[in-house]
Protein chains: 2
Amino acid sequence: MPVKHIPDIVVGRLPQYLRSLQRMALEGRQVTSSQELGERLGISAAQIRKDLSQFGGFGKQGTGYDISFLIRQLRTILNIDHDWDVAVVGAGGIGSAVARYHGFTDRGFNVRLIFDSDPEKVGTQVGEHTVQDYAQMAEIIEQAGVHIAMIAVPSADAQDVADKLVKAGVKAILNYAPISLNVPPGVYVQYIDPSIHLQRMTYYLSR
Amino acid sequence: MPVKHIPDIVVGRLPQYLRSLQRMALEGRQVTSSQELGERLGISAAQIRKDLSQFGGFGKQGTGYDISFLIRQLRTILNIDHDWDVAVVGAGGIGSAVARYHGFTDRGFNVRLIFDSDPEKVGTQVGEHTVQDYAQMAEIIEQAGVHIAMIAVPSADAQDVADKLVKAGVKAILNYAPISLNVPPGVYVQYIDPSIHLQRMTYYLSR
DNA sequence: TAGATTGTTAATCGATTAACAATC
DNA sequence: TAGATTGTTAATCGATTAACAATC
């Protein structure tokens with residue numbers, strides 16, 4: 001497989017392809033085409049073919065793509081052919097909801113740990129998990145070999161949490177706090193901030 | 001103000017500028033520069049100047065940008081100089097967390113309504129809100145003149161909810177269900193799917 | 001075979017960056 | 001004034017699309 005430099009914007013589309021394909025598989029479908037996939041996602045067929053062909057020829061001329069084969073290929077490319085353990089930091093509303101959420105399981109992730117610094121919360125149950133003390137976080141995460149974490153703490157604490165996570169060996173952070181994080185090279189951060197998405201839409205709305 | 005066609009990618013950066021500026025204001029800062037803003041966000045100074053200048057000359061040569069002035073301008077551009085009422089559909093983990101979240105208030109949004117179809121949940125309290133019956137949703141939303149909604153229901157129900165919302169006059173949907181929605185032109189959808197963000201990072205991780 | 005759809009190239013389109021005159 | 005930083009232009013860079021030969 002010719003591993004060139006894949007543009008980040010292409011990498012960002014692969015999970016979308018995967019999600020649609022998994023949905024099709026769930027619907028009992030066997031085969032799809034770049035055109036059909038494109039219609040579902042609002043992406044041009046040419047773009048989907050070009051993106052996929054960067055990683056190899058996964059389709060058949062005249063036929064299209066075998067859905068379960070393509071799912072397997074994408075899972076391998078995205079490094080989710082085996083599940084990742086995930087830690088959640090913050091057992092407030094968002095952190096608890098995310099820790100209880102069952103939608104990660106078939107997408108390559110398993111929440112294993114949840115931490116909070118509030119003594120009232122430490123020891124309580126969130127879904128299947130027991131909230132552990134933030135003071136022990138670094139040690140526990142390092143010991144468990146967890147490399148992915150979600151931050152769901154107040155903005156004021158988010159950078160400190162990120163620093164601790166990085167020291168503990170975390171390489172990927174999904175940040176629910178509405179603030180930009182500084183991390184060293186080799187550590188990846190993604191952001192979820194609903195207000196940003198809403199503001200992106202209100203631009204187009206009139207009153 | 002010369003209103004050209006602004007590329008969507010530019011519109012998508014404006015909320016990020018606004019968020020950083022609001023944070024700077026909170027820190028007591030008065031003035032900033034395209035360079036400083038760029039460093040905080042990982043965006044080039046030239047790009048920030050170019051983006052902002054699409055809407056007018058907001059800065060002063062030699063000085064930079066007045067933070068609170070630029071905040072006001074951006075809020076006007078993004079249509080959040082007045083708050084928007086928001087409805088939440090689904091009072092499960094995510095829906096409840098979002099409805100209780102206080103972080104929307106100073107970003108231009110107020111959650112006013114929350115709905116669920118589960119009779120066990122209807123009538124219960126979620127933060128300051130009473131869960132209302134999904135069966136009355138369309139009527140209540142239309143009556144209240146709410147134009148923005150968040151969908152936090154199982155994937156299987158999300159499209160039906162979206163259809164009902166559109167009929168009730170909703171123009172902007174933030175969808176937490178991991179599925180693509182079909183909506184008519186003039187209705188905007190944004191997606192929040194943590195798995196997609198995580199997969200985007202695992203591509204770069206090795207085991 | 002005939003029809004369909006891929007993989008890939010070349011052309012187009014759009015976004016980012018570099019550079020600098022204007023000016024506070 | 002001298003130093004700093006904007007707004008804007010032109011050049012570069014990269015991404016998307018159109019088109020079609022290859023082929024299932």
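By class, the surface near DNA strand D holds 5 nonpolar, 13 polar and 7 charged residues. Here near means that a heavy atom of the residue lies within 4 Å of the molecule or strand. Ala, Val, Leu, Ile, Met, Phe, Trp, Tyr, Cys and Pro count as nonpolar, Asp, Glu, Lys and Arg as charged, and the others, Gly among them, as polar.

The model is predicted: local features need pLDDT of at least 70 and side-chain atom pairs pLDDT 80 or more, while totals for chains, interfaces and linings use all residues. Residues are numbered from 1 along each chain as its sequence is written, chains are lettered from A and ligands numbered from 1 in the order in which they are written, and side-chain values use heavy atoms, without hydrogens and water.

## Exercise 1

Find which residues are closest to DNA strand D, and which polar contacts they and others make.

Step 1. DNA strand D is surrounded by 25 residues, the closest being A:Gln47, B:Ser34, B:Arg49, B:Gly59 and B:Tyr65. Of the atoms of DNA strand D within 4 Å of the protein, sugar and phosphate make up 58%.

Step 2. A polar contact is a pair of N or O atoms within 3.5 Å; within protein, one must be able to donate a hydrogen and the other to accept it, and residues adjacent in sequence count only if both atoms are side-chain atoms. A:Gln47 places a polar side-chain atom 2.9 Å from a phosphate oxygen of DNA strand D. A base is reached by A:Arg49, with a side-chain N or O atom 3.2 Å from a base nitrogen of DNA strand D.

Step 3. Helices (H or I, at least four residues) and strands (E, at least two) are DSSP runs, numbered from the N terminus. Helix 3 of chain A gives the largest share of the surface near DNA strand D, 4 residues.

## Exercise 2

Step 1. Phosphate oxygens of DNA strand C lie 2.7 Å from a side-chain N or O atom of A:Tyr65, 2.8 Å from a polar side-chain atom of B:Gln47 and 3.1 Å from one of B:Arg13.

Step 2. Two or more residues each come from helix 3, strand 2 (59-60) and strand 3 (64-66) of chain A, and from helix 1 and helix 3 of chain B.

## Exercise 3

How are helix 1 of chain B and helix 3 of chain B oriented to each other?

Step 1. Axes are lines fitted to C-alpha atoms, for helices over the stretch in contact, with angles from 0 to 180 degrees between N-to-C directions. The axes of helix 1 (residues 8-26) and helix 3 of chain B come within 11 Å and cross at roughly 105°.

Step 2. Angles under 35 degrees count as roughly parallel, over 145 as roughly antiparallel, 65 to 115 as roughly perpendicular and the rest as oblique. Helix 1 and helix 3 of chain B are therefore roughly perpendicular.

Step 3. In contact (heavy atoms within 4.5 Å) are B:Val10, B:Arg13 and B:Tyr17 of helix 1 with B:Gln47, B:Ile48, B:Asp51 and B:Leu52 of helix 3. These residues divide into 4 nonpolar, 1 polar and 2 charged.
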